[in-house]
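This report describes a protein chain in plain terms. Please look at the sequence and the model before reading on.

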Amino acid sequence: MLVGFTTTSANALDFDAFEKGIVETDTQKCDPKRDPKCIPKLSDDEALCQYGGGGNARGEACRRVKNAGGKLPEVKKEKSLGGAYAM
């Protein structure tokens with residue numbers, strides 16, 4: 001006895017549309033104060049300042065963010081493991 005299951009592409013498209021709609025509404029209702037996973041929209045300068053590599057372009061972007069009253073990324077100081085782990 002052979003039993004086969006088939007899915008139609010229409011079901012997949014409906015699920016994709018549903019998922020996309022849920023993601024969009026969650027993104028629009030995002031509140032970073034209540035949800036730590038909420039990713040705020042960043043301007044080009046904010047993104048370059050926070051995630052860019054070192055250099056003059058990043059320094060200029062951070063200066064523009066600071067002059068506009070924006071928040072600069074915090075420097076995280078982590079302890080080195082040292083000892084045998086430092087190799």
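**Basis**

This is a predicted model, in which local features need pLDDT of at least 70 and side-chain atom pairs count only at pLDDT 80 or more, while totals for chains, interfaces and linings use all residues. Residues are numbered from 1 along each chain as its sequence is written, and side-chain values use heavy atoms, with hydrogens and water left out.

**Overall make-up**

The protein chain has three helices and zero strands. Helices (H or I, at least four residues) and strands (E, at least two) are DSSP runs, numbered from the N terminus. In sequence order the pattern is α-α-α.

The protein chain has 87 residues, and 6% of them count as buried. Buried means under 20% relative accessible area, exposed means over 50%, and partly exposed lies in between (1.4 Å probe, protein chains only). Accessible areas come from the Shrake-Rupley method with a 1.4 Å probe; for residues, only the protein chains shown count as cover.

**Packing of α2 and α3**

Two packed helices are described by the angle between their axes and the distance between the axes. Here, helix α2 (residues 44-51) packs with helix α3 (residues 56-67) at an angle of about 125 degrees, and their axes are 8 Å apart. The axes are lines fitted to C-alpha atoms, for helices over the stretch in contact, and angles run from 0 to 180 degrees between N-to-C directions. Angles under 35 degrees count as roughly parallel, over 145 as roughly antiparallel, 65 to 115 as roughly perpendicular and the rest as oblique. α2 and α3 are therefore oblique to each other.

**Salt bridges**

A salt bridge is a side-chain nitrogen of Lys or Arg within 4 Å of a carboxyl oxygen of Asp or Glu. By this rule there are two salt bridges. In one of them, the side chains of Arg64 and Asp45 meet at 2.9 Å, N to O. This pair links distant parts of the chain, with Arg64 in helix α3 and Asp45 in helix α2, 19 residues apart. Arg63 also forms a salt bridge, with Glu60, and the closest N and O atoms are 2.6 Å apart. Arg63 and Glu60 are separated by about one helical turn, because they are three residues apart in helix α3.

The table gives the accessibility of the residues in these pairs.

| Residue | Class | Relative accessible area |
|---|---|---|
| Arg64 | partly exposed | 41% |
| Asp45 | partly exposed | 24% |
| Arg63 | partly exposed | 48% |
| Glu60 | partly exposed | 40% |

**A nonpolar patch**

Phe15, Phe18 and Ile22 make a nonpolar surface patch of about 320 Å². Patches are made of residues with over 30% relative accessible area and no salt bridge: like charges are joined within 9 Å, and nonpolar side chains (Val, Leu, Ile, Met, Phe, Trp, Tyr) within 5 Å. Ile22 lies in helix α1 (residues 9-28). With a relative accessible area of 38%, Ile22 is partly exposed.

**Pairs separated in sequence**

Asp26 is also part of helix α1. Is Asp26 buried or exposed? Asp26 is exposed, at a relative accessible area of 51%. Asp26 and Cys38 are 12 residues apart in sequence, and their C-alpha atoms are 9.2 Å apart in space.

Asp45, in helix α2, is 12 residues from Ala57 in sequence and 9.4 Å from Ala57 in space, C-alpha to C-alpha.

Gly70 sits in the segment after α3. Gly70 is partly exposed, with a relative accessible area of 32%. Between the C-alpha atoms of Gly70 and Glu46 the separation is 8.1 Å, and the two residues are 24 residues apart along the chain.
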